[in-house]
Amino acid sequence: MIAASLFGAAYIVLRLESSRRDMQQAEVNINYAITLLNKVKIKYVNITNAVDYVHEKYHVRDSREFEYQWDLYQEAMREQEKYRKTNEDLNYYYEKLVRLLRKCKLYDSRVWIEQPQALVEQKEMVEIKHNLLVRRQKLRSRIAYNLDIVKKERQEIDRMMKNYRKNDPALLSLINSIDKMAGMDEA
């Protein structure tokens, strides 16, 4: 009976010791699980903050909206590149046109850059010629009008000089230079 009690007591002590070791191992495992859980929580918080930052930075709610905006951005960049390339081509061909027109010994070959259609179509050339004639006529009428005003003022100056009988050489040289500019070399 003593042997059975000893055997029972030894069994209980061994089971207690085994349970104590299992509890220690379970505590170690729990601590390790808590450490892993904390790492995951920290990563979650960091990723959530990064996602929130990206949402605010790019003004989007989700990845689909971001992808849509990214596609719009790429399309805009392609359009901008296409526009730049077209401008380069346009400048190249304008310069080429100017060189060809200079070979034809045109007075101002740069003027034709604004009106290349006139070089190809006779109707456009007639239209430009008409516009230039109208413009020249308007300029001539303005010049004639301004010359009339200058002549009237010149007569007024002559009348005033006779009334006051002043023949200041500086004044006479100024009047002569104005007469030369107006094409009235009478003095």
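Helices here are DSSP runs of H or I with at least four residues, and they are numbered from the N terminus. Bear in mind throughout that the model is a predicted one.

Begin by selecting residues 2-58, which form helix α1. How far apart are its end C-alpha atoms? They are 82 Å apart, which agrees with the 84 Å that 57 residues should span at 1.5 Å a residue.

Next, select histidine 59, which lies in the loop between α1 and α2, the latter covering residues 63-103. Its phi is near 55 degrees, a positive value in a residue other than glycine. Most residues other than glycine have a negative phi. Is histidine 59 buried or exposed? Histidine 59 has a relative accessible area of 63%, and because exposed means over 50%, it counts as exposed.

Methionine 77, which is placed in helix α2, is partly exposed, with a relative accessible area of 36%.

Finally, select Leu97, Leu101, Trp112, Ala118 and Ile128, the 5 residues that make up the largest nonpolar core. If you then pick out alanine 118 and leave aside its neighbours within four places in sequence, you will find it in contact with Trp112, Glu124, Met125 and Ile128.

How values were computed:
Residues are numbered from 1 along each chain as its sequence is written. This is a predicted model: local features need pLDDT of at least 70, side-chain atom pairs count only at pLDDT 80 or more; totals for chains, interfaces and linings use all residues. Side-chain values use heavy atoms; hydrogens and water are left out. Helices (H or I, at least four residues) and strands (E, at least two) are DSSP runs, numbered from the N terminus. The expected span of a helix is 1.5 Å times one less than its number of residues. Buried means under 20% relative accessible area, exposed over 50%, partly exposed in between (1.4 Å probe, protein chains only). A nonpolar core is a set of buried Ala, Val, Leu, Ile, Met, Phe, Trp, Tyr and Cys residues joined through side-chain atoms within 4.5 Å. Contact means heavy atoms within 4.5 Å.
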